[in-house]
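Please keep the sequence and the 3D view open as you go.

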Amino acid sequence: MDRDIDDDALPSLYRPSTILPISRHKRALLYTIETTPITILIGETGSGKTTQLPQYLDEAGWTKNGKMIACTQPRRVAATTVAMRVAEEMGVRLGEEVGYSIRFEDSTSPRTKIKYMTDGMLLREILVDPLLTKYSVVMVDEAHERSISTDLLLGVLKKIRRKRKDLRIVISSATLQAEEFLHFFTCSEEDEKEIQTLEKGQELARIVSVEGKVFPVDILYLESPAEDYVEKAIETVYDIHLKEGPGDILVFLTGRSEIDHAIDKISSLTSQLPSRSPQLLPLPLYAGLTTEQQLYVFEPAPENHRKVILSTPISEASVTVPGITFIIDTGFHKIRSYNPHTCISSLTVTPISQASATQRAGRAGRTKPGKCFRLYPESAFLSLPVSTIPELQRSDLAPVILQLKALGVDNIARFHFPSAPPPELVARALELLYTLGALDSYGKLTRPFGLRLAELPLPPPLAAIVLSSIDHNCHQQILSIASMTSVSSSIFLDHADSAKLTASKKRNFTADEGDHLTLLNVFLAFSSQPEKKKARWCHDNALNHQSLLRAASIRTQLARFLERWYPDLGSRTSSLATETTIRKCLVKGLFPFAAKMQPDGSFRLAGDTRSANGNRGEEQGKVYVHPSSVLFNRKAEWVVFQQLEEARGKRYIREVTKVQREWVVEAGGGYYTVGEKKR
DNA sequence: ACCCTACCA
């Protein structure tokens, strides 16, 4: 590895933009974009692509005639912080020439020329402006992360560009995936035809590379695989502490329990160190912590201490901890996958990809040279997949397909995805959407129901519940429930030290009918607190204040949709809706997810005919109420649920509500009998 | 009788 350090060793933030690596490529880049419809930009961290390229395009005249440059990001924080930085560089006020647009926050004006936004936000704009007429260039940043919305956006952009030959597309990608994107934009028959029509020397898509500006990171491997990567990581922390020079350590683990365990171990090791020698300061970092708790990792370590940050992959791309010298990469992460046959999603510890490993190593070396300890042999690295399987190929596709239908894509099989999803996932999603009434028997979006379902920013079953709440006169309560379930995982704070407290506080809100009404109770209690006392009240009740505020924003946004569709809504009162009405309404969207209690206290999924006579599928057919549910260890003959998850070989249902069999049959309108006949 | 990685509208 090249160990030379360049003379301009300034932190990127303070480096004048003229000496950013990308500035050397300015003219060539502008020429390529001018002459090539699709540019694939390989630019590593520190190249300045995200902040500089939109400015170059603006200078070069791409914002004339009132057109804008869009730059999409997979995350909200990135969209806002980059916009702030660029506004500052250009000496304009944020929200004027340079702005951003994310859910709940639109900081743009009619004068905006450069717009940073989440890719999900641009997809929503396409619903209203199908040809993106306001934009001259769309830059899709961090496309190599292959999130669902990025992939969907790429597919849709490919179609839009056919009808808008003046539109320029820039895809920014890490090295390893650039060829795949090139292939995606040039491989179809239509592409071939278009390439035939191009003038000599012209291309449909081209890869351009801009080198990054980072410090060297030494990569070290194990001789042989580690037996237990958590223990090995703890051991390595200790080794670094004793044998290496000063500098903080960042350890990548897969989840909270591993992190808690490692912190305990390191703390006890630290207490055995001689009191005058340098100490270790272990700190956790994962999304489940409140922002306040996350902030500790940004504070400099006290005198005579070395910070050890034990993190989930949140610090792979989303959170940048400054000043890290040593990386410990265990080589694993948890990923969600979805089984189309059982509709069960599971979260499994899986080896990372080479791309992730490279990304992790790069988290050192941002301000000075670093070292990365990979807790696996080099041969194992070489046999890792080049990149992680795109989310679209392992997720519930109902929301994706609903959105495509709303964008006018009727033939899903012929839609060109960057990576085609398995046909079973597509079939399963179509079936659910048909069952909910969003599609007719020809697979066309129903109107207005299906279209409205697509417009609501909720998972399709929940959107269906919200729409039917109007007929049930319980929209006030359902809006609160839908908003709460959108953030439900983070409502109740339960850290290792206060788990019992949380459990006892939670009891104050518990509704016998189940989790949905419990969430409603929490929301109503929160809303009734005076504005100034809300934060304190949340703290006292072991509730996450930020999550509740977010739920309140979501509720306001959802209510606006209903007001638009039902102008007389204000005159309808739903304050008197009973628990039964609310539960019947929940069944209108959750009937495909019903289960019946068995004598042993487990549940069997409705429509699952396997285990009735006790043959081979018996244990596999069982599901259990998750311990986080208020119905855990409670009696309930029939329930509906929102999530089905597998963990350690056992299946759990979460967000569970007691219902009656007749409601399920009525809402399902023959769904289950049809299902049985088919089998 | 036990835990949710990360992220978007």
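In this predicted model, Arg 648 has a positive phi near 50° in the hairpin of strand 20 and strand 21, with two residues between the strands. Strands are DSSP runs (E, at least two residues), numbered from the N terminus. Residues count from 1 along each chain as its sequence is written, and chains are lettered from A. Local features need pLDDT of at least 70, side-chain atom pairs count only at pLDDT 80 or more, and totals for chains, interfaces and linings use all residues.

**Strand 21 and its neighbours**
- Strand 20 (residues 638-647) pairs with strand 21 in the antiparallel sense through nine bridges, where pairing requires at least two DSSP bridges.
- Phe 641 has Val 656 of strand 21 as its bridge partner.
- Strand 19 (residues 622-625) runs parallel to strand 21, joined by two bridges, and Val 625 is the bridge partner of Ile 653.
- Because seven of the 10 residues of strand 21 (residues 650-659) are buried, the strand is largely enclosed by the rest of the structure; buried means under 20% relative accessible area with a 1.4 Å probe, protein chains only.

**Domain 1 and domain 2**
- Chain A is divided into four stretches: domain 1 (12-210), domain 2 (217-391), domain 3 (398-572) and domain 4 (591-678), with bounds from an automatic or database domain assignment.
- The centres of domain 1 and domain 2, taken over C-alpha atoms, are 32 Å apart.
- Their contact (heavy atoms within 4.5 Å) takes 10 residues from domain 1 and eight residues from domain 2.

Definitions and conventions. Side-chain values use heavy atoms; hydrogens and water are left out. Buried means under 20% relative accessible area, exposed over 50%, partly exposed in between (1.4 Å probe, protein chains only). Helices (H or I, at least four residues) and strands (E, at least two) are DSSP runs, numbered from the N terminus.
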